[in-house]
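I opened the notebook to look up ring contacts and helix packing. My entries follow the order in which I checked things.

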Amino acid sequence: MVFTSHIFIFYFLPIVLAIYYLLPFKRNFFLLTASYVFYGWWNPWFAFLMLLATAINYWGGRMISQSPPGSPRRHTALIASVAASLSMLGFFKYFMFMEGNVNFMLRLFGANALPILEVTLPIGISFFIFQSISYTIDVYRQESPPVRSFSDFACFVALFPQLIAGPIVRYNTIAEQLVERTHSREKFASGIALFILGFAKKLFLANIIGQSADAVFNAEAPGMLDAWFGVTAYAFQIYFDFSAYSDMAIGLGRMFGFEFLRNFNAPYHADSITEFWRRWHISLSTFLRDYLYIPLGGNRYGPRRTYINLTITMLLGGLWHGASWVFVIWGAYHGALLAFERWRGKKSVYEKLPRPVRVGVTFVLVLFSWVLFRCPTLEGASRFFQAMFGMAGASGGSILLGAEIYTQGQFLMMTLCALLAFQKKQAFDWAVNITWTKAIVLIVLFIFSLMAMFAQSFNPFLYYQF
């Protein structure tokens, strides 16, 4: 089920909210049931996979909590549950990637390729596996108490507001809220506001500016200006698409009394790559820091080991996004930039320039990475980079492409996206306190967004594929 669908807006959400607030008890169990209906709407069979991951980590948490610190049983339970969870993720997400690479090597040495086994990627698997693992590790580290019941833990893993595309909610940030959470009119109003703002961002910004990005990236041979225009449009599309989902997820969480951590903080306002990663997909970057970078040794073993740990963390972060070499290189690119800035004391090489220039240079560095993120193959990314630097001749179709993207409407949309993306105050900040004036603005915005939803074709969130 998609947030920007009439089934969710007019049926699922109102019914779930009404029953939730009418129930005097067992609210977590009801949210668990609703979340499985939400997830199973796409493919009911994969709900069993999520249940299996939940059961494994619940069992792991119980075994760990019942064993004294330092005991072999405690270590075994941790390793077994984490390994089983990652095995599920590895099979569904990376098996076909490994098959392709094995066949490439076989053909390279003149052998026959093996038959390809098609594996369907369950939607949201990267998110609910990471969340499940966070519980087991938090209990092992004694940073959180074991959950009081299986249904509470299953509710945490399956909670539908952030199930499909994050933000990644770590158990230790929500453990107390699973037991007791507050419901207030102010929190509910803030949740509705954030949901509407995300709803509007997806329909009015991400979907429309995405048309330019799709046109350029799908073109056979775009010109140099077309390529820069297209990758800039994609930078705005992915930001407003993903941050819209996060806003809606956090807003929905507040409607049910939960408070999830912020996932974006004006990332294009960053003046270095280090700062960019403090502002972009915060739930993933902090997860990788706490559950991968620090266990690898962090910065405790000298500069060289720190650079290696940073690069490994970002490489695996890239691979988390998708089973493809373009994502691996995307992660390596960011890892190399982060290691370079760490070598300079967390300062960029352009730190002495005026801040607007630093922000602009950082944005361009990020644009290069978005080429890798958007192109499905390395060959496609290579051709696009050649187009950006004028090393590939534009075809006759470039004239038609120009007529499609250089319109008054697309220029207006590009300007609006730039104004909204390069300011400090984002939707998350705007929705903290809701006044009557803001309420009127939100009602009007929601009505127009509903009209846009019915006018647009089905357009799922970009991060659904991860």
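I began with charges over rings. Lys 438 sits over the face of Trp 430, 4.9 Å from the ring centre. I then looked up Lys 201, which lies over the face of Tyr 239 at 5.8 Å from the ring centre. I note that the model is predicted, not an experimental one.

Next I turned to pairs of rings. I found 68 aromatic pairs in the structure. I picked one of them, Trp 228 with Phe 389, and looked up its geometry: the ring centres are 6.3 Å apart and the planes stand at 80°. Planes over 60 degrees apart count as edge-to-face, so this pair is edge-to-face.

Where do Trp 228 and Phe 389 lie? I placed Trp 228 in helix H9 (residues 224-255). Phe 389 is in the loop between helix H15 (378-388) and helix H16 (397-405). The pair therefore ties together parts that are 161 residues apart in sequence.

I also checked accessibility. Trp 228 is partly exposed, at a relative accessible area of 25%. Phe 389 is partly exposed too, with 46% relative accessibility.

My last entry is on helix packing. Two packed helices are described by the angle between their axes and the distance between the axes. For helix H4 (residues 72-108) and helix H12 (residues 303-321), I noted an angle of about 100° and axes 10 Å apart. H4 is therefore roughly perpendicular to H12. On the H4 side, the contact is made by Lys 93, Tyr 94 and Phe 97. On the H12 side, I listed Leu 319, Trp 320 and His 321. By class, this contact of H4 with H12 has four nonpolar residues, one polar and one charged.

Terms used. Residues are numbered from 1 along each chain as its sequence is written. This is a predicted model: local features need pLDDT of at least 70, side-chain atom pairs count only at pLDDT 80 or more; totals for chains, interfaces and linings use all residues. Side-chain values use heavy atoms; hydrogens and water are left out. Rings of Phe, Tyr and Trp (its six-membered ring) pair if their centres lie within 6.5 Å; planes under 30 degrees apart count as stacked, over 60 as edge-to-face and the rest as tilted. Helices (H or I, at least four residues) and strands (E, at least two) are DSSP runs, numbered from the N terminus. Buried means under 20% relative accessible area, exposed over 50%, partly exposed in between (1.4 Å probe, protein chains only). A charge sits over a ring if NZ of Lys or CZ of Arg is within 6 Å of the ring centre and within 35 degrees of the ring normal. Axes are lines fitted to C-alpha atoms, for helices over the stretch in contact, and angles run from 0 to 180 degrees between N-to-C directions. Angles under 35 degrees count as roughly parallel, over 145 as roughly antiparallel, 65 to 115 as roughly perpendicular and the rest as oblique. Contact means heavy atoms within 4.5 Å. Ala, Val, Leu, Ile, Met, Phe, Trp, Tyr, Cys and Pro count as nonpolar, Asp, Glu, Lys and Arg as charged, and the others, Gly among them, as polar.
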